[in-house]
Amino acid sequence: MTRVNALFRRVDALSGPVTATPESQLGALRIDTTRLQASWHSTPVELTVTEFALVASLVRYPGQVRSRQQLMEAANVVLDAQTITAHVKRIRRKFEHIDERFDRIQTV
């Protein structure tokens with residue numbers, strides 16, 4: 001049920017009006033929270049809903065260390081610490097696929 005609800009939320013977000021999209025930009029990263037889309041150097045990054053929520057949380061607090069618990073709360077999911085680590089690893093890989101020199105997400 002959770003997966004189906006997440007898909008419905010994504011469909012609703014994608015079917016919204018194009019002109020009313022609140023976008024954020026941090027350096028080369030641009031995120032559109034209405035459409036759940038992210039791009040790096042104008043190249044779209046294919047993120048899952050959870051990955052997008054994690055990236056959006058990191059963008060909301062640039063330069064701050066975010067705990068795994070804070071990332072879970074931002075993504076509105078309950079996961080164990082290893083799952084958060086795996087999500088961050090996949091996010092890095094997706095950005096590195098676009099830009100081999102990507103080093104913006106650091107683990108402390």
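How many aromatic pairs does the count come to by this rule? I got three aromatic pairs, taking rings of Phe, Tyr and Trp (its six-membered ring) as paired if their centres lie within 6.5 Å, with planes under 30 degrees apart counted as stacked, over 60 as edge-to-face and the rest as tilted.

Before going on, I noted that this is a predicted model, where local features need pLDDT of at least 70, side-chain atom pairs count only at pLDDT 80 or more, and totals for chains, interfaces and linings use all residues. Residues are numbered from 1 along each chain as its sequence is written, and side-chain values use heavy atoms, with hydrogens and water left out.

**Entry: aromatic rings**

I looked up W40 and F95: their ring centres are 5.8 Å apart and their planes are at 90 degrees, so I wrote the pair down as edge-to-face. W40 lies in strand β3 and F95 in helix α4, so this pair ties together parts 55 residues apart in sequence. Helices (H or I, at least four residues) and strands (E, at least two) are DSSP runs, numbered from the N terminus.

Next came F95 and F102, with centres 4.8 Å apart and planes at 15 degrees, so that pair is stacked. I put W40, F95 and F102 together as one aromatic cluster.

Are F95 and F102 buried or exposed? F95 has 2% relative accessibility and counts as buried; F102, at 8%, is buried too. Buried means under 20% relative accessible area, exposed over 50% and partly exposed in between (1.4 Å probe, protein chains only).

**Entry: helix α2**

I found α2 at residues 49–60, reaching 16 Å from its first C-alpha to its last, close to the 16 Å expected at 1.5 Å a residue (1.5 Å times one less than its number of residues). Nine of its twelve residues are buried, among them F52, L54 and V59. I saw the buried residues of α2 pack against β1, β2, β3, α3 and α4, where contact means heavy atoms within 4.5 Å.

**Entry: the largest pocket**

I used a 1 Å grid over the protein atoms alone: a pocket is an open set of points where a 1.4 Å probe fits, with protein on both sides within 12 Å along at least five of seven lines, and lining residues have an atom within 4 Å of a point. The largest pocket is lined by 29 residues, and L58, Q64, R104, I105 and Q106 lie nearest its centre. I noted that α4 gives the most to this lining, with six residues.
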